[in-house]
Amino acid sequence: MFEKVLIANRGEIALRIHRACKEMGIRTVAVHSTADADAMHARLADEAVCIGPAQAKDSYLNVAAILSAADITGADAIHPGYGFLSENADFASMVEEHGFTFIGPSPDHITMMGDKIAAKNAAMETGIPVVPGSDGAVVSHDEALKIAKDIGYPVLIKASAGGGGRGMKVAQNEKELLEAWQFARSEAKAAFGNDEVYMEKYLQKPRHIEIQILADLHGNVVHLGERDCSLQRRHQKLLEEAPSPALNWSQRNEIGEIACNAMRKLGYRSVGTIEFLYENGEFFFIEMNTRLQVEHPVTEMICGLDLVREMIRVSSGAPLGYTQESLRFSGHAIECRINAEDPETFLPSPGVVGDYHTPGGLGVRVDSAIYSGYRIPPYYDSMVGKLIVHGANRNECLMRLRRCLGEYVIDGIRTTIPLHQRLVDNPEFINGDYDIHWLENFVGMDQSL
Ligand code: MV4
């Protein structure tokens, strides 16, 4: 097992990784920007190294500085968290070339899944159901017309280097197709420096359901059930839950087994999330994330596993030590992402945290790195915490969640807590009756896709 792990991240996830390490008897090294000298992750770690100025590109994305920090502190391994360098295959390679363990998947798998066309091909070849569409890139308007005629309108043009909804455009008919194809290509070129696009049948009212998998270096793979992440605004998730209110046990077991078999065939290691759109009882693969995700706690709460601990264990070569059959899912969990934003306009609201009280009690977890007196810097993501609540069933979970949101005090800044309070009282949400477009309508803001 590792003796010292460098945590190449900040905020709640850096703290989350630190906590897992301490419980495993592993010493931790925090890295931080000059803006984060007072951040909780830097304070709690056994050692802290300043790696550069506030701007992420100069610090949390500064590969040379991070590798130097690992070198001078004598770390054995580097955990990238989510965001920043977590899905950067070159970073993962360089970490390994310098003799450290990258706590995550192989660089080749990161590369494969970062290329959405390659990811979809791999999914298809390993038996995962995918959205009907083009076989690879769509390189001409003529080709686009032909494929769209085959699969039927509406169609969606997507960027192969895509993510976060950029480089995507719907075409409702032949007339709209040329413009959609050109738009997606030019947006993809501008956003990712790569204008390769592909085409899919546009699913109009799907849910977004993702399967968590965990794999060791010895070919053992388990799935940890699904998360329903349909409640998003502008491709930012607001609330996630496990299990999905839309699935039954036979559907869950079936898609979970398909996911595990596929990952075994690919020789995948570490944690990963296979994203699906789910409509009319059918699953359609869209992408795979090769990192720990923000919403991993809802999975932890229903399966009783520490995913970060498991991720570290398998990276050190330890076998999973349990089978799919031995895993038990219990109850229901919901996570609310709390952002330092105006709950109506969503404008960022950085500043100094005043009075601060977090909810507690049975089945309640708050993952956050803020504290009373902490100045939230304006340079990074606006998420200031996650409230994760577990209950024996969805109703108990919702009752507990309402109680917790009512207790939560974060003074001095505006937060999205009031929005969550409105959401958990909404009859459609209470019934679990929502799709990927439902939240946009609920928050009363329009978005083209
Ligand atoms: C889709 C889709 C409908 N049909 N693909 C958006 C981001 C990217 N990761 C995949 N996305 C979508 N792909 C087909 N064939 C609708 C979306 C989509 C979406 C997906 C998940 C969660 C929220 C969403 C919001 C708008 C569009």
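This is a predicted model: local features need pLDDT of at least 70, side-chain atom pairs count only at pLDDT 80 or more; totals for chains, interfaces and linings use all residues.

Three strands, namely strand 6 (155-159), strand 8 (197-201) and strand 13 (282-289), each contribute at least two residues to the shell around the ligand, where strands are DSSP runs of E with at least two residues, helices are runs of H or I with at least four, and both are numbered from the N terminus. Residues are numbered from 1 along each chain as its sequence is written, and side-chain values use heavy atoms, with hydrogens and water left out.

The ligand is surrounded by 17 residues, and the closest are Lys-158, Glu-200, Lys-201, Leu-203 and Glu-287; a residue is taken as near if one of its heavy atoms lies within 4 Å. By class, this shell holds nine nonpolar, four polar and four charged residues, with Ala, Val, Leu, Ile, Met, Phe, Trp, Tyr, Cys and Pro counted as nonpolar, Asp, Glu, Lys and Arg as charged, and the others, Gly among them, as polar.

Leu-203 takes part through its backbone, with an N or O atom 3.0 Å from a nitrogen atom of the ligand. On its own the ligand has 520 Å² of accessible area, and the protein covers 95% of this, as computed by the Shrake-Rupley method with a 1.4 Å probe.

Where does the ligand sit relative to the domains? Both domain 2 (132-201) and domain 3 (207-445) give residues to the shell, so the ligand lies between them. The assignment also gives a domain 1 (4-92), and the bounds come from an automatic or database domain assignment. The C-alpha centres of domain 2 and domain 3 are 30 Å apart.

Now to the backbone. The peptide bond from Tyr-153 to Pro-154 is cis, with omega near -5 degrees, and Pro-154 belongs to the loop between helix 7 (141-151) and strand 6. A cis bond also joins Ala-242 and Pro-243, with omega about -10 degrees, and Pro-243 is found in the loop between strand 11 (236-242) and helix 9 (249-266).

Asn-280, in the loop between strand 12 (270-279) and strand 13, has a positive phi near 50 degrees, and at 74% relative accessibility this residue counts as exposed; here exposed means over 50% relative accessible area, buried under 20%, and partly exposed in between, with a 1.4 Å probe and protein chains only. Phe-346 also has a positive phi, near 65 degrees, but Phe-346 is buried, at 9%.

Helix 10 (residues 296-303) has seven of its eight residues buried, including His-296, Glu-300 and Cys-303, and is followed by Gly-304, whose phi is positive, near 70 degrees.

Finally, the cysteines: a search of the whole structure finds zero disulfides, a disulfide being a pair of cysteine sulfur atoms within 2.5 Å. For Cys-397, the nearest cysteine sulfur, that of Cys-336, is 8.9 Å away. Cys-397 is buried, at 0% relative accessible area, whereas Cys-50, at 42%, is partly exposed.

Methods: A polar contact is a pair of N or O atoms within 3.5 Å; within protein, one must be able to donate a hydrogen and the other to accept it, and residues adjacent in sequence count only if both atoms are side-chain atoms.
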